Amino acid sequence: MENCIFCKIVAGEIPSPRLYEDDKMIVIRDIEPKAKLHYLCIPKTHFALLSEMDDARADVVKHCFTVIPTLEKELGLEGGYRVIINQGENGGQTVHHLHIHLLGGEKLADF
Ligand code: 5GP
Ligand code: ZN
């Protein structure tokens with residue numbers, strides 16, 4: 001997708017160290033961390049919103065949620081973490097390529 005920053009990161013056009021990668025997703029550090037540890041799990045396929053879900057996209061999201069728990073130890077998230085998917089304007093979504101925030105490394109403020 002043209003002009004999508006996360007597609008560019010996935011394609012390697014914008015360098016960003018990958019803490020994990022497989023055929024469906026990457027995990028990188030958020031450039032502006034909102035917690036001591038702040039990661040982004042980014043599906044390799046572009047779609048913006050959960051409302052655009054179809055079976056293929058659901059498979060990718062399922063894959064992300066299957067892999068994320070296996071990475072807890074190496075990402076330093078054993079003490080627990082918060083999972084966030086911001087949706088659209090009211091949800092504060094700024095990058096319109098669906099991604100999963102993982103926040104942890106400290107006791108987070110009540111939500
Ligand atoms: P959203 O607000 O769309 O849920 O989250 C987008 C996130 O992407 C923000 O937390 C922002 O800091 C992060 N971000 C934006 N551009 C870049 C980038 O070029 N590299 C990385 N690693 N994170 C980015
Ligand atoms: Zn994209």
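Student: Ground rules before we start?

Tutor: The model is predicted, so local features need pLDDT of at least 70 and side-chain atom pairs pLDDT 80 or more, while totals for chains, interfaces and linings use all residues. Residues are numbered from 1 along each chain as its sequence is written, chains are lettered from A and ligands numbered from 1 in written order, and side-chain values use heavy atoms, without hydrogens and water.

Student: Which protein atoms are donors of the zinc ion (ligand 2)?

Tutor: C4 (SG), C7 (SG), H46 (ND1) and H97 (ND1), at 2.0 to 2.3 Å. Donors are N, O and S atoms within 2.8 Å of the metal (3.2 Å for Na, K and Ca); water is not among the atoms, so sites may look incomplete.

Student: Why is the arrangement tetrahedral?

Tutor: The 4 donor atoms subtend angles of 107 to 117 degrees. Four donors count as tetrahedral if all angles lie between 85 and 135 degrees. The ideal is 109.5 degrees for four tetrahedral donors.

Student: How are the donor residues spaced in sequence?

Tutor: The pattern is C-x2-C-x38-H-x50-H. H46 sits in the loop between β3 and α2 (55–67), and H97 in the loop between α4 (88–91) and β5, so the pair ties together parts 51 residues apart in sequence. Helices (H or I, at least four residues) and strands (E, at least two) are DSSP runs, numbered from the N terminus.

Student: H97, buried or exposed?

Tutor: H97 is buried, at 0% relative accessible area. H46 is partly exposed, at 23%. The cut-offs: buried is under 20%, exposed over 50%, partly exposed in between (1.4 Å probe, protein chains only).

Student: New topic. What volume does the largest pocket have?

Tutor: About 490 Å³. A pocket is an open set of points on a 1 Å grid over the protein atoms alone, where a 1.4 Å probe fits, with protein on both sides within 12 Å along at least five of seven lines; lining residues have an atom within 4 Å of a point.

Student: What lines the largest pocket?

Tutor: 23 residues, with F6, D30, I31, L40 and H101 nearest its centre. α1 gives the most, with 3 residues.

Student: And the largest nonpolar core, how many residues?

Tutor: It has 13, and M25, V27, Y39, C41, L75 and L102 have the most contacts inside it. β3 gives the most to this core, with 3 residues. Such a core is a set of buried Ala, Val, Leu, Ile, Met, Phe, Trp, Tyr and Cys residues joined through side-chain atoms within 4.5 Å.

Definitions and conventions
Points joined across faces, edges and corners; volume = space filled by probe spheres on them. Tetrahedral: all angles 85-135°; square planar, octahedral: opposite > 155°, others 65-115°.
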